Amino acid sequence: MADKNLKILVVCGGISTEREVSLRSGKAIYEALLRKGYENSVLFDLTRNNIAQILQLKPDIVFLGLHGKGGEDGSIQGMLELAGIPYTGPGIATSAVCMDKILTKRVLANAGLPTAGFVVYRRDECDDRKAVAKALTDRLGLPMVLKSPCQGSSIGVVIVHREDEIEPAMEEVFRYGDNLLAEQFLEGTEVTLPIMGNDAPVALPVIEITSEREFYDYTAKYTSGLCHHIIPARIGKDDEESVRILGQKAYRVLNCKGLSRIDFIIDKKYGPMIIEVNTLPGMTDMSLFPDAAGYAGIPYDELVERFLEYGLTAKHDL
């Protein structure tokens, strides 16, 4: 049990496209800590102008409620490491790799873990958009998925069904950066596996995700009634066991600490395929991780306290 007198700084908000979701996560985490008796907890809305205040406040630990760039990508983790301040969630390298879907897929593929076939393009390689669209179609087939590799909450993700849709989809992806990730489209059941812990990680129940929209996008994730979390997932025992084994392997291969959530599609042809790894998953009232924990008998407040304890005991590799 963590010391109730700890000065805990709950950092949320940030500068990413997921700022509003992060504020909701941070508020929920902060209120849970207060209910648990951590009266020295402080809710901190991070902006570009106040980051130095984190060091001035001299917290005993930073509870990261950030999502996306500047919070989930190793940036703030690096600052905290240099200052010697413990924090929740994975370390610098893990955060940086998992935030970049291209790097994640390369690590997963190198480790022999299943992930959809993919092609990567830089903006400066796409002057002839028609030629790129044809090359992608020849390589991946249709439909396919185009993604901005360093966004979260499905921002910058477009499913294209026809070749003439690829060019405008590329334009959308390049709004968020200079790299484009094109993936083979997987057809099947979308599930996610939340895992928590440091050296002895524990997998929570597998959740099936359904959406009222074309896919589980930002609007579906954070609009009541547009998505459904089904526990237990309506999948066969063999697939469930594979998801658990593959998820825990990915957690270890990527050196995750504290918590992470591994997303899968159980493809009709290929079986469970890893989509991405979320190192600071949402903690709002609509988020997946708390839902799985609740089903496993871990109330929200206890879940938050466990993350705190993992952060205090984690040994991160720079």
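A salt bridge here is a side-chain nitrogen of Lys or Arg within 4 Å of a carboxyl oxygen of Asp or Glu. The model is predicted.

**Figure 1. A salt-bridge network links Lys-4, Lys-36 and Glu-305.** Side chains of opposite charge can pair when their charged atoms come close. The network of Lys-4, Lys-36 and Glu-305 belongs to this kind of contact. Across the whole structure, the search finds 22 salt bridges.

**Figure 2. Lys-27 and Glu-31 pair within helix H1.** The closest N and O atoms of this salt bridge are 2.6 Å apart. Helix H1 covers residues 19-35.

**Figure 3. Four strands form an open antiparallel sheet.** The strand order is E4-E7-E5-E6. Strand E4 (118-122) and strand E6 (157-160) stand at the edges. Each has a single partner strand, so one side of each lacks a neighbour in the sheet. Neighbouring strands are turned by 20° against each other on average, direction ignored.

**Figure 4. Strands E5 and E7 run antiparallel, with helices packed on the sheet.** Strand E5 spans residues 144-147, and strand E7 spans residues 179-184. They are joined by 4 bridges. Met-144 has Gln-184 in E7 as its bridge partner. Helix H5 (residues 101-110) packs on the sheet and touches E4, E5 and E7. The direction of H5 makes about 45° with that of E7. Helix H6 (residues 129-140) also packs on the sheet, touching E4, E5 and E7. The direction of H6 makes about 165° with that of E4.

**Figure 5. Arg-122 forms a salt bridge with Asp-124.** Their closest N and O atoms are 3.8 Å apart. Arg-122 is partly exposed, at 38% relative accessibility. Asp-124 reaches 55%. The cut-off for exposed is over 50%, so Asp-124 counts as exposed.

**Figure 6. Arg-129 forms a salt bridge with Glu-171.** The closest N and O atoms are 3.0 Å apart. This pair links distant parts of the chain, 42 residues apart. Arg-129 sits in helix H6, and Glu-171 sits in helix H7 (residues 166-173). Arg-129 has 19% relative accessibility. Buried means under 20%, so Arg-129 counts as buried. Glu-171 is partly exposed, with a relative accessible area of 44%.

Conventions. Residues are numbered from 1 along each chain as its sequence is written. This is a predicted model: local features need pLDDT of at least 70, side-chain atom pairs count only at pLDDT 80 or more; totals for chains, interfaces and linings use all residues. Side-chain values use heavy atoms; hydrogens and water are left out. Two strands pair if DSSP finds at least two bridges between them. Helices (H or I, at least four residues) and strands (E, at least two) are DSSP runs, numbered from the N terminus. Axes are lines fitted to C-alpha atoms, for helices over the stretch in contact, and angles run from 0 to 180 degrees between N-to-C directions. Contact means heavy atoms within 4.5 Å. Buried means under 20% relative accessible area, exposed over 50%, partly exposed in between (1.4 Å probe, protein chains only).
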